Amino acid sequence: MREVSGWLAQLFGGIDRVLNPGSNGLSLGARLMCLALLIACFWAARRLMLHLYARKPGPVDVQTFIDAAPQDGLRPPLESLSATFRKRLSETHLYEPSTLPAEAPAENFMDLLGDLNIEPKKLGTSLLRLFGRLRPRIAYRVGGVLHLRAEEPRYGVTVTLTSCVFHGSRSHTVWEASWADAVGTAGYWVMSVLLPVTKAGQAPPWDTWWGKSVPYELFAHYQQATEFNHDRKFDDALDHYYAAAHLDPTNVYLRTQIGATQEKLGLQLEALESYRGALALLVSDTGKDNELLWIAPWDLRRFANLGRLWNPRSKLLVRYRYSIVLGMSEQLAAQWCDRDLGSRHGTALRESLIDFFTERYWPAVVEYTYKIEKNPAEWLRSVLRKPPDRETIQLVFQLACVQEMHRLSQDYLLTRLLPTQILRRLPARARARESLTGSALRVCRYVSAPLRLAWAQKQWVARQRQRFGEEFKHEPPTGAWLLPPLSPSADDSLWERAKQPSYSAYVIWPAVFKTWPWEPYLVAKSVKRALRCRGGQSHNWQDHYNAACAYVIAMHGHSCEKKRDYLAKEAVRELEKAVHSSESGFVHLQRWWLLADDPDLSLLRRQSRFVCFIRQVFPHSTPDRYYPESMDPLQAEMAVYDQRLLHSSAKAMEQTWHRRGSQGPVDVHALITWFEREHDLWAALAQFASRQPRDWRDREELLHRVQSAADPAQLAVVGLPPPVPDFNDEELHLTETPERNLNDRFIELRGSVASSDGRSPLTHSQTCLDRARRLDAFTRTNHRRRRLRWLSGVTVCTLCARYAAVWQTLPAVLTQEEPRGEDTRDFRKAVSRLSGPMAPLPRAGAHSGQGRVSPY
């Protein structure tokens with residue numbers, strides 16, 4: 001303590017000698033040298049602060065835009081557009097806005113000193129002023145100039161980004177259909193320039209672009225996809241994610257986001273293919289990676305390939321999600337066997353997965369083929385290509401899931417020994433931030449995966465007994481098997497044969513594979529053993545959530561209400577622990593997955609304990625909701641979403657046709673554009689209504705057609721696209737099976753929209769388009785008949801009113817009540833008026849005595 005006090009006394013004594021020019025003070029030269037040394041330290045600190053602010057980044061000063069449009073044109077709202085630009089930048093959460101206009105930053109250190117008084121008698125005041133100038137007020141400055149031109153797109157913005165650190169600037173001009181769209185695109189360009197030089201650029205999905213030039217289209221698609229995903233507009237989110245992946249095809253994070261969004265839509269098969277593609281990007285040799293999946297624990301090749309796990313965060317998370325989707329074997333098997341289920345690209349998707357599954361998982365089915373003396377790979381390929389039954393496909397997926405979970409948990413332990421991972425675990429709260437932990441993997445490996453495998457095995461045996469009789473018997477194996485090595489090729493050299501391992505695969509069969517159902521005490525004991533704390537660390541959300549899912553899986557094997565209630569109570573208890581171990585914002589993000597999207601909790605959602613837990617965690621003013629056993633929550637949500645999408649589209653088009661009818665006389669070119677878009681829209685609607693269930697690509701195509709045909713102002717009024725309904729939505733609970741009721745109405749709608757008798761809006765729009773084109777060609781060849789290119793206001797009003805009537809009566813076909821003849825009759829009557837003899841579209845070349853174009 002004395003040494004510290006003595007050191008402080010010497011320090012303050014030296015400062016006193018520098019500041020006081022008395023008899024005991026330093027000489028003028030020494031004081032000037034101290035001042036120069038202090039200025040040098042401040043210069044270094046200033047440079048450090050500038051670089052930190054540039055990397056953070058610090059506050060960005062957005063100046064009010066400048067109007068450079070022609071004076072005789074439309075005047076842009078400068079303040080409003082500047083505010084929209086600032087809002088666009090703030091929505092990206094990458095920069096800190098400047099609250100007040102900042103003065104121009106200093107160009108160099110001498111400008112920073114400015115009027116600093118270096119007189120020795122006022123050195124203290126000078127130091128305080130220098131301290132105040134040390135922290136930079138802004139890191140970047142953005143300015144914009146608005147333009148207007150005659151050709152399309154007409155509205156442009158030239159945005160300039162100036163760095164206060166590197167003293168450089170970049171400019172870019174964007175052109176869009178409106179100033180608001182141009183300002184939004186300019187905001188995406190600014191952030192794409194900042195990303196490679198700021199801290200945010202070192203986080204996924206931009207870590208591979210660090211120090212490079214990021215295409216602003218890539219950033220725009222990713223940002224819009226994130227916003228749509230947050231608003232539960234999953235179709236638009238998937239469309240933008242795919243557009244971003246097209247610009248950055250090797251980005252693993254984008255592939256995982258695509259897979260996660262597909263899971264929310266119930267497209268497990270497509271999600272599996274997306275995760276498989278992400279895994280292919282993380283390995284250099286797929287064949288070698290397949291061998292490592294079946295490697296024995298004592299094989300030294302495991303440690304020789306430790307380098308492949310050097311950056312394990314992305315790879316382990318992708319492998320975990322891939323294994324989880326494999327574990328959803330009920331949904332995967334249903335989509336694999338039902339050729340009409342899923343997307344129209346399902347056949348090509350299955351073919352690509354057949355080769356992958358055959359090469360990677362053939363050792364898992366060896367026990368099922370040695371009695372029938374068939375090659376395991378060929379048997380697996382034939383089963384996947386022509387499934388004999390759903391239970392066999394479900395068993396294959398579950399066998400693959402068990403092996404993936406087993407190998408993933410072992411690789412996770414190896415990654416804990418890497419130096420980079422040891423450094424990441426040094427902070428006290430590091431475990432709370434981890435999205436994948438050893439406890440969560442142990443629950444999946446020792447409880448959830450064996451439970452599902454025993455369940456799938458039981459269903460498969462029951463199915464085989466239905467096919468081959470009660471005498472069919474199958475004794476599941478246990479323990480670990482070493483499969484014999486593959487026979488070497490005749491062309492292999494002696495050295496190649498010596499390098500081959502002494503076995504081809506190491507297959508593990510859980511001991512509990514034979515038991516189904518598991519007794520509740522056995523499930524609880526296994527979960528507690530997997531969640532055993534190690535090193536005094538606490539559990540996070542994922543640990544308890546996986547434990548809750550394990551209890552729910554075990555509920556499927558018991559019909560006894562007492563046992564089910566015990567398992568439901570333990571599952572709800574684990575969910576409560578998961579909520580208490582997480583932050584409020586994170587729980588809100590997991591709300592939809594917990595309420596309806598996760599198929600693992602489907603049986604628990606019908607229990608009163610879970611409903612009370614939901615009311616406790618997510619308070620709501622509506623009555624408690626119970627899903628009937630016959631209702632699939634995800635399918636019910638998507639059915640209601642399909643209905644709302646069609647209602648919003650019809651409302652937007654109805655208002656658009658009303659607005660067109662009030663425009664007065666219309667040129668034939670505008671009429672051609674109307675009917676081109678109208679025909680494409682009805683074709684997309686017919687394609688959308690023909691599939692059961694609806695494909696997300698058909699929904700997105702319908703959205704694009706509506707957005708191109710309808711008035712943008714009407715799209716904002718009707719709220720297109722609508723979000724996917726949530727758990728408490730009233731429409732989900734009007735009937736027990738809304739998806740079945742709506743499917744019948746969509747079939748009827750398909751027949752009305754695209755009927756082959758010529759009395760449909762699709763055929764009539766094509767007829768009107770052909771006549772408008774003939775009228776355009778007829779007036780082009782004869783200059784005297786140019787006046788015929790304009791349709792009278794009465795004709796346009798009548799035509800638009802009839803199309804508006806069709807769109808107005810369209811939603812009545814999809815009402816939730818029983819089909820009413822009046823509603824269907826109104827729609828058919830409105831359609832018949834389109835193709836009736838009094839349709840107002842003129843024929844080419846027909847005109848009255850007054851020189852006007854006449855109707856039919």
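**Close-up views of the predicted model**

**View 1. Pro205 sits in the loop between helix 6 (179–194) and helix 7 (216–230).** The model shown here and in the views below is predicted. The peptide bond that runs from Pro204 to Pro205 is cis, with omega near 5°. Most peptide bonds are trans.

**View 2. A cis peptide bond joins Trp516 and Pro517.** Its omega is about 0°. Pro517 belongs to the loop between strand 8 (505–509) and helix 22 (520–530).

**View 3. Arg232 lies in the loop between helix 7 and helix 8.** Arg232 is not a glycine, yet its phi is positive, at about 60°. Most residues other than glycine have a negative phi. With a relative accessible area of 5%, Arg232 is buried.

**View 4. Helix 11 (residues 286–293) has buried residues Asp289, Asn290, Leu292 and Leu293.** Viewed down the axis of helix 11, the buried residues fall within an arc of 160°, so they line one face of the helix. At the start of helix 11, Asp285 places a side-chain oxygen within 3.2 Å of the backbone nitrogen of Gly287.

**View 5. The largest nonpolar core is made up of 101 residues.** The residues with the most contacts inside this core are Leu272, Tyr322, Leu326, Phe357, Tyr361 and Leu604. Helix 20 (residues 438–468) supplies the largest share of the core, 12 residues. Another core lies apart from this one and has 54 residues, among them Phe85, Leu89, Leu146 and Tyr188. In soluble globular proteins, nonpolar side chains tend to be buried together.

**View 6. Leu326 is shown with its contacts, leaving aside neighbours within four places in sequence.**

**View 7. Confidence in the protein is highest in helix 8 (residues 234–247) and lowest in helix 19 (residues 430–433).** For the protein, the mean pLDDT is 78, and 75% of the residues reach 70 or more. Over residues 97–104 the pLDDT is below 50, and this stretch has 13 contacts in the model beyond near neighbours in sequence. Over residues 425–433 the pLDDT stays under 50, and the model has 13 contacts for them beyond four places in sequence. Where pLDDT is low, the predicted coordinates should not be read in detail.

Methods
Residues numbered from 1 in each chain as written. Predicted model: local features only at pLDDT ≥ 70, side-chain atom pairs only at ≥ 80, totals over all residues. Heavy atoms only, no water. pLDDT = per-residue confidence, 0-100. Helix = DSSP H or I, 4+ residues; strand = E, 2+ residues; numbered from the N terminus. Contact = heavy atoms within 4.5 Å. Core = buried A, V, L, I, M, F, W, Y, C linked by side-chain atoms within 4.5 Å. Buried < 20%, exposed > 50% of the residue type's maximum accessible area, 1.4 Å probe, protein only. Arc of directions from axis to C-beta. Polar contact = N/O pair within 3.5 Å; in protein donor to acceptor, adjacent residues only side chain to side chain.
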